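Reader: I'm new to this one, so please pick a single part and take me through it closely, side chains included. I'd like to know what sits next to what.

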Amino acid sequence: MTRQSQGGGPGSVGASSPKVRNERTGEARGEPDRGQLTRRLGRSDLRAVSEVRKALRELLRHWGKPGRSDVAELLTSELVTNALVHTDHDAVVTATVGPRGLRVEVRDFVGRRPEPRVPNADDGTSGRGLILVQSLADSWGVRAHGVGKAVWFELDDGGAA
């Protein structure tokens, strides 16, 4: 069963950057065993979803068992899409790979908390994002910020050595 928890964690919001950066030195690097991706997303810019997926794919190129990065991309897409579709504000996505796994956080600037809902069959593909996050993430949650909130999930690497 997936657990939902409240609270913070290692994800942080920083300057916008499409590059994988070393957390200690700030230098760009190719080996993502410990890296971070931070992007600021423009209001209602759904092109950002594919751009974030591509950057995350690069960050996770050598991370986890086969299929784990695919799950991370899917869940990140859902959170980014939710933030851009359900708010009329910018958003910031941060993905951090650390010794405990991957943490992705999407911060928006609207305080209204998202709630998983049972999708209506007549809605097509709408309404399934948080259900996917709830089902596939090792943990996830929502935490309030001074202005807005951050929706986050964590994945372990699937046991890769």
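Author: First, a word you'll need: a residue is buried under 20% relative accessible area, exposed over 50% and partly exposed in between, using a 1.4 Å probe and protein chains only. This is a predicted model, where local features need pLDDT of at least 70 and side-chain atom pairs count only at pLDDT 80 or more, while totals for chains, interfaces and linings use all residues. Residues are numbered from 1 along each chain as its sequence is written, and side-chain values use heavy atoms, leaving out hydrogens and water.

Let's look at strand β7, residues 149-155. Strands are DSSP runs of E with at least two residues, helices are runs of H or I with at least four, and both are numbered from the N terminus. Seven of the seven residues in β7 are buried. On one side you'll find Lys149, Val151, Phe153 and Leu155, and on the other Ala150, Trp152 and Glu154.

Now for the neighbours. Two strands pair if DSSP finds at least two bridges between them. Strand β6 (residues 139-144) has five of its six residues buried, and six bridges join β6 to β7, running antiparallel. Arg143 stands opposite Ala150. Four residues lie between the two strands of this hairpin, where Gly148 takes a positive phi near 95 degrees. Strand β5 (residues 101-108) is also antiparallel to β7, with seven bridges joining them. Here Arg103 has Glu154 as its bridge partner.

Arg103 does something else too: its charged end sits over the ring of Trp152, 4.3 Å from the centre. That label asks for NZ of Lys or CZ of Arg within 6 Å of the ring centre and within 35 degrees of the ring normal.

Next come salt bridges, meaning a side-chain nitrogen of Lys or Arg within 4 Å of a carboxyl oxygen of Asp or Glu. Glu105 and Arg143 meet in one, at 2.7 Å from N to O. Glu105 belongs to β5 and Arg143 to β6, so this pair ties together parts 38 residues apart in sequence. Both ends are buried: Glu105 has a relative accessible area of 1%, and Arg143 comes in at 17%. Shared partners join Arg103, Glu105, Arg143 and Glu154 into one salt-bridge network.

Arg68 is in helix α2 and Asp156 in the segment after β7, 88 residues apart. Arg68 is buried at 16%, whereas Asp156 is partly exposed at 36%.
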